[in-house]
Amino acid sequence: MKDLLRNIPPVHELQKHKTFYFLCKKYNLDETLLTSIIRQALDAVRNKVISGQQIEKDINSYIWDEIDQMVKRKCRPRLLSVINATGTILHTNLGRARLSREAIDRVVEVASNYSNLEFNIDSGKRGSRHDIVEDLIKEVTGAEAAMVVNNNAAAVFFILNAFGKGKEVIVSRGQLVEIGGSFRISSIMEESGAVLVEVGTTNKTHSKDYEEALSDETAMVLKVHTSNFKIVGFTQDVSTQQLVELKKFQENLIVYEDLGSGVLFDFTEEGIGEEPVVQKVLETGVDIVSFSGDKLLGGPQAGIIAGKKQYIDKLKKHQLARVLRVDKMSFAALEGTLQAYANNKAKDIPVVRDMLLTIEEVRERAMVFLDSATSLEMFHWELVEVDSMVGGGTMPEVKIPSIAIRVQADILSSQTLADELRKGTPSVVVRLQDQHVILDFRTITQGEIPKIVEAFRKIELTYRD
Ligand SMILES: *Cc1c(COP(=O)(O)O)cnc(C)c1O
């Protein structure tokens, strides 16, 4: 062991080695940084020797390999792009919506330059970031006014706090939902300081239930989109229209609807789901609505608040507006996304496009993949009909017919194959269905197809040896 330890070269010797300069160049590394990585690598090698582990090869090449690995780990970003082969369009774990080209271009432009984020170019005076997308939101929703906060969870909290704190907010028991594990309406309400008044039962709530719960303490009636579940059978809920009618019993009553996803494109016209467009909801006379930027809207993470000007003005002036404010890159992306709706180009938005892809279009993509993949002999490929999910806690009951390829490899279990695909570069995340690896081509773009073929090729090379 002592001999081995003595064989470990000192740092200054490695610094003179040609590989040192080679690595600096290859990874665009500063010499000081590489030196510190070398120190860490040498420590790791020493510890390995001391703990009695074998080093199979020549100690020098072993050390350089170790350094190379460490450099690679250090230079690799943590936030990586992955290929979503699950067919779930809004996969919350995979970053939800892919942005449109237009939205991406705006982000790059605004991020690379100074901008008029809070500057009025006409007057040369200080401007408000709220002005950036307000007109666009008004245009596409028909709202009197609008503003944007960090995400829809923030919007719900903000609205409850601003108008309901210390007062009563009435919610149907059928809408006291939990969304995505950590967002519970009842808990958010508690945090906001609003007092929850539950009415009705899990499956049935009537207009009369709300009416009877109204009191001098009531500030608001909240309707929550039960995004990720659906009660079927003997049910009854109260429409937004009916809730608005409650306003005649109480002056100043605010009717607020948390729409969850909220859609600006009418998917019902394409036979998908039953989500009303935001504009239709606002036409009922509801005071405030809020919805996500990165669900079916297909934009960046954001919470959009739209409705009557008197309320939105109050929110803009509230202290929390600053706490929940949105970054310029999100505004840029949101503007690029909303513009598509305003210009009747919603189909340029990847989420909308992927929702509307016909089964024939998906099949075409799968066939392009098969054309290149059949040369890989280790795998069996089979074209199958599947259902894609919308995901992101939206339209839980909606299944969109799609085409997938079911893959099998004789010498690999489906789980191992899925693991290998996931751990590759780029990472390919698949669906496991009935113990089979499934690639659903609804969420796979043309550009990603060669990368997936390559991922399988790498696995074949690894396991063929
Ligand atoms: C998704 C959702 C939220 C949270 O929205 P985020 O934009 O994810 O913060 C709130 N309410 C409902 C009903 C939702 O579906």
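Student: What share of the 465 residues in the chain is buried?

Tutor: Start with the cut-offs. Buried means under 20% relative accessible area, exposed means over 50%, and partly exposed lies in between, with a 1.4 Å probe and protein chains only. Here, buried residues make up 48% of the chain's 465 residues. Keep in mind that this is a predicted model: local features need pLDDT of at least 70, side-chain atom pairs count only at pLDDT 80 or more, and totals for chains, interfaces and linings use all residues. Residues are numbered from 1 along each chain as its sequence is written, and side-chain values use heavy atoms, leaving out hydrogens and water.

Student: How many helices and strands does the chain have?

Tutor: Both are DSSP runs, numbered from the N terminus: helices are H or I with at least four residues, strands are E with at least two. This chain has 19 helices and 15 strands. Its C-alpha atoms fill a box of roughly 90 × 55 × 45 Å along the principal axes.

Student: Into which domains is the chain divided?

Tutor: Domain bounds come from an automatic or database domain assignment. Here they give domain 1 (2–74), domain 2 (82–91 + 354–464) and domain 3 (101–346). The C-alpha centres of domain 1 and domain 2 are 39 Å apart.

Student: Which residues have the most contacts inside the largest nonpolar core?

Tutor: A nonpolar core is a set of buried Ala, Val, Leu, Ile, Met, Phe, Trp, Tyr and Cys residues joined through side-chain atoms within 4.5 Å. The largest one here has 58 residues. Phe 267, Val 289, Leu 296, Leu 338, Tyr 341 and Met 355 have the most contacts inside it. Helix α15 (residues 328–342) gives this core its largest share, five residues. Domain 2 and domain 3 each supply at least three residues to this core. Another core lies apart from it, with 33 residues, including Val 149 and Ile 288.

Student: What does Leu 296 touch?

Tutor: Contact means heavy atoms within 4.5 Å. Leaving out residues up to four places away in sequence, the partners of Leu 296 include Leu 90, Phe 267, Tyr 341, Met 355, Val 390 and Met 395. Now the chain as a whole. Among contacts between residues at least 6 apart in sequence, 75% join residues at least 24 apart.

Student: What is the strand order in the open sheet of four strands?

Tutor: Two strands pair if DSSP finds at least two bridges between them. The order is β11-β12-β15-β14, and the pairing is antiparallel. Strands β11 (379–391) and β14 (431–433) are the edges, each pairing on one side only. On average, neighbouring strands of this sheet are turned by 40 degrees against each other, direction ignored.

Student: Over how many bridges do β11 and β12 pair?

Tutor: Twelve, in the antiparallel sense. Asp 387 stands opposite Pro 401 in β12. The hairpin of β11 and β12 has two residues between the strands, and Gly 392 there takes a positive phi near 60 degrees. On to the next pair: β12 (residues 394–409) and β15 (residues 436–440) are antiparallel over four bridges. Ile 405 faces Leu 439 in β15.

Student: Which strands does helix α18 lie across?

Tutor: Angles run from 0 to 180 degrees between N-to-C directions, and axes are lines fitted to C-alpha atoms, for helices over the stretch in contact. Helix α18 (residues 414–423) lies across β11, β12, β14 and β15, at about 40 degrees to β15. Helix α19 (residues 449–464) lies across β11, β12 and β15, at about 135 degrees to β11.

Student: Where is the peptide bond that is cis?

Tutor: It runs from Thr 425 to Pro 426, with omega near -5 degrees. Pro 426 lies in the loop between α18 and β13 (427–429).
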